[in-house]
Amino acid sequence: MKVTHFIVISIILFSGATLSGCAQIAPWERGNLAKSHMALDPNPLQSSIRGHIYGSREAAASINSAGGGGGCGCF
Amino acid sequence: MIKQANLLFAASLMFCLSVVSPVRAHLEGNTPPPHCQLSFLDGKLAEGWEAMKGEVVYVDFWASWCPPCVKSFPFMSQLTHEFKDKGLKVIAINLDESVEDAKEFLAKRPVNFPILIDASKQCAQDFGVIAMPSTYIIDKKGFVRHIHRGFRTGEAEELRRLIEQLLIEEI
C-alpha cells in the first residue's frame with residue numbers, strides 16, 4: 001500500500017491546509033468591505049418595513065407586527 | 001497507516017493554524033517605533049520619530065470609511081488643543097486606499113493636528129496594525145508605551161489620564 005495511499009493522503013491533507021479559501025485582509029484593505037451596500041442587510045430600514053408588512057398579512061403572529069398576525073392586514 | 005494519517009492530519013492542522021495566526025511584533029514596552037516613510041498630504045516628506053524625542057507622540061492610524069475613527073477625531077483635536085503646549089504631538093496616519101477619500105473627509109472635518117500618508121502601507125505593517133483605528137503612544141524617550149485598538153467613547157478618559165502621566169515623566 002501503501003506508499004501510493006500515503007502520498008495521496010498527504011497531498012489531500014497538504015492541499016487542504018494550503019488551498020483553503022481563507023485570506024487575511026489587512027485593516028487598510030477593508031475600505032470597500034466597509035461600504036453599506038456590502039453589508040449582509042444593506043437596507044435595514046427597508047427590510048424591517050417589508051418584514052412588518054409581510055408579518056401583518058401572515059396568519060401567525062410575527063415579531064415584526066405589533067398587532068399580532070391574523071392575516072387581517074392591520075398595521 | 002492510520003497512525004501515519006493521524007500524524008499528517010495533526011501536522012496539516014498545525015500548519016493551518018500557523019497560517020491563520022502569524023506571529024506579530026509586539027511593540028508595547030521599551031521598544032522604539034519602527035522606521036516609517038511618511039508624507040504630508042501635499043507630498044512633502046515627514047520627519048522621523050527620532051526628531052520627536054522629548055515629546056509625547058500620539059500616533060493614530062485611521063481611514064475615512066471607519067466610523068470609530070470619525071468618533072476619535074474630536075478627541076484628538078481636543079488633546080492637541082489642551083496638551084500641545086505641554087509637549088504632546090498628535091499625528092494621524094491615513095491608510096485610505098485613495099488619498100482623495102482622505103482629502104474629502106478632511107474637507108468636511110478640519111483638524112488642528114498633522115495628517116500623514118502611509119502610501120505603501122509599510123509603516124502600518126511594521127507597527128502591526130490589526131484594527132482601525134489603532135493608536136500608539138510614544139513616550140519622551142522614544143519608546144512605544146501604549147497600544148490602543150479601536151475607539152469607544154468611554155476609553156477617552158483612560159487615554160487622557162495616560163497621556164497626562166507620560167507628559168509629567170522626565171526624559
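This briefing walks through some features of chains A and B. The model is predicted. In chain B, 6 strands form an open sheet, and helix α2(B) packs on that sheet. Chain A, by contrast, has 2 helices and 0 strands.

**The sheet of chain B**
- The strands of the open sheet follow the order β1-β4-β3-β2-β5-β6, and their pairing is mixed.
- At the edges are β1 (39-40) and β6 (144-149) of chain B, each of which pairs on one side only.
- Strands of a sheet pair through backbone hydrogen bonds, in either a parallel or an antiparallel way.
- Here β3(B) and β4(B) run parallel and are joined by 3 bridges.
- B:N94 has B:I117, in β4(B), as its bridge partner.

**Helices on the sheet**
- Helix α2(B) touches β2, β3 and β4 of chain B, and its direction makes about 160° with that of β2(B).
- Helix α5(B) lies across β2, β3, β5 (134-138) and β6 of chain B, and runs at about 170° to β6(B).

**A look at helix α2(B)**
- Helix α2 of chain B covers residues 67-83, which is 17 residues; at 1.5 Å a residue it should span 24 Å, and this agrees with the 25 Å between its end C-alpha atoms.
- The helix bends by about 25° at B:F73, and the proline B:P74 follows within four residues.
- B:F73 is also one of the buried residues of α2(B), which include B:C69, B:S72, B:F75 and B:M76.
- Further along, B:S77, B:L79, B:T80 and B:F83 are buried too.
- Cover for the buried residues of α2(B) comes from elements including the strands β2 (56-62), β3 (88-94) and β4 (115-117), together with α3 (99-108) and α5 (155-168), of chain B.

**Two loop details in chain B**
- The peptide bond between B:M132 and B:P133 is cis, with omega about -5°.
- B:P133 sits in the loop between α4 (122-127) and β5 of chain B.
- B:K121 is not a glycine, yet its phi is positive, at about 65°.
- B:K121 is found in the loop between β4 and α4 of chain B.
- Is B:K121 buried or exposed? B:K121 counts as buried, because its relative accessibility is 10% and the cut-off for buried is under 20%.

**Chain A in brief**
- Of the 75 residues in chain A, 15% count as buried.
- Taking contacts in chain A between residues at least 6 apart in sequence, 0% join residues at least 24 apart.
- Chain A exposes about 5,600 Å², with carbon and sulfur atoms supplying 64% of that area.

Definitions and conventions:
Residues are numbered from 1 along each chain as its sequence is written. Chains are lettered from A and ligands numbered from 1 in the order in which they are written. This is a predicted model: local features need pLDDT of at least 70, side-chain atom pairs count only at pLDDT 80 or more; totals for chains, interfaces and linings use all residues. Side-chain values use heavy atoms; hydrogens and water are left out. The expected span of a helix is 1.5 Å times one less than its number of residues. The bend at a residue is the angle between axes fitted to the seven residues ending there and the seven starting there. Buried means under 20% relative accessible area, exposed over 50%, partly exposed in between (1.4 Å probe, protein chains only). Contact means heavy atoms within 4.5 Å. Two strands pair if DSSP finds at least two bridges between them. Axes are lines fitted to C-alpha atoms, for helices over the stretch in contact, and angles run from 0 to 180 degrees between N-to-C directions. Accessible areas come from the Shrake-Rupley method with a 1.4 Å probe; for residues, only the protein chains shown count as cover.
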